Amino acid sequence: MPRSVQAVYLKPLRRKAKYGIPSCDLQLRSYSVRNVDFFADYALRAAYYLHLPALGPIPLPRITERWTVPRSNFVNKKSQENFERITLRRLIQIHDGHPETVEIWLAFLRKHAYYGIGMKANVWEHESLGVGKTMDVSLENIKRTLEPRWAHFGRRKNLETSERVYEMMNNDTFRKTSDAPLSET
């Protein structure tokens, strides 16, 4: 049997996290154990080949939903049916991953999504220490560019329209007609 076929039956390979800084938590949900375990294995293999250190699949508590429905209406209240839906969840954690690589991994999983699997991802991005100062500078630049536009906020005119109206009002022909009485038609 070829080595690539044998690898399917083995556990997925994993990379060790160097620093342990969390990059992404991917939560998989399904009603079927088979589907969620298969896709968790698939996601771990994809993470390995993208050089992402992954932990998991960590089983999360099941979500059990139960409800009761009457079998018929009105008189037969005592005859009821009970239904139950169990949602199984698995968590895959990515540590020390580059944000672009994590986005590629998530896009790959979205593209090749397995039927009956829901995915929810929490992605963390880390910035350098001086990010607050750069945000303050960019905020001042944004304020300066938006100030003339905020002056006309709530009106259905932009800055150019109000300037044109002001020019028209100062025009000699407008002044001559504005003093004349309104004509009745």
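Helices (H or I, at least four residues) and strands (E, at least two) are DSSP runs, numbered from the N terminus. The model is predicted, and local features need pLDDT of at least 70, side-chain atom pairs count only at pLDDT 80 or more, and totals for chains, interfaces and linings use all residues. Residues are numbered from 1 along each chain as its sequence is written, and side-chain values use heavy atoms, with hydrogens and water left out.

Helix α3 has 13 residues and reaches 18 Å from its first C-alpha to its last, close to the 18 Å expected at 1.5 Å a residue; the expected span is 1.5 Å times one less than the number of residues. In α3, the residues V102, W105, L106 and L109 are buried. Seen down the axis of α3, these buried residues fall within an arc of 95°, so they line one face of the helix; the arc is that of the directions from the helix axis to the C-beta atoms. An α-helix has 3.6 residues a turn, so residues three or four places apart point the same way. On the other side of α3, E100, I104 and K111 are exposed. The buried residues of α3 pack against β1 (22-30), α2, β3 (80-95) and β4 (118-123), where contact means heavy atoms within 4.5 Å.

A nonpolar core is a set of buried Ala, Val, Leu, Ile, Met, Phe, Trp, Tyr and Cys residues joined through side-chain atoms within 4.5 Å. Of the 19 residues in the largest such core, L26, L28, I92, I94 and W105 touch the most other members. The elements that give two or more residues to this core are β1, α2, β3 and α3, and α2 gives the most, with seven residues. Leaving aside residues up to four places away in sequence, W105 touches C24, L26, A43, A46, A47, L50, L52, I92 and I94.

Rings of Phe, Tyr and Trp (its six-membered ring) pair if their centres lie within 6.5 Å; planes under 30 degrees apart count as stacked, over 60 as edge-to-face and the rest as tilted. By this rule the count comes to five aromatic pairs. One of them, Y42 with F108, is stacked, at 5.9 Å centre to centre and 15° between the planes. Y42 lies in helix α2 (residues 33-49) and F108 in helix α3 (residues 99-111), so the pair ties together parts that are 66 residues apart in sequence. Y42 is partly exposed at 27% relative accessibility, and F108 is partly exposed at 32%. The rings of Y48 and Y49 have centres 5.2 Å apart and planes at 80°, so this pair is edge-to-face. Y49 is exposed, with a relative accessible area of 62%. The charged end of R15 sits over the ring of Y48, 4.2 Å from its centre; this requires NZ of Lys or CZ of Arg within 6 Å of the ring centre and within 35 degrees of the ring normal. One aromatic cluster is formed by F38, Y114 and Y115.

Most residues other than glycine have a negative phi, and most peptide bonds are trans. A cis peptide bond joins G56 and P57, with omega about -5°, and P57 is in strand β2 (residues 54-70). Phi of H51 is near 60°, a positive value in a residue other than glycine. H51 is in the loop between α2 and β2 and is exposed at 58% relative accessibility. For D96, phi is near 60°; D96 lies in the loop between β3 and α3 and is partly exposed at 25%.

Terms used. Buried means under 20% relative accessible area, exposed over 50%, partly exposed in between (1.4 Å probe, protein chains only).
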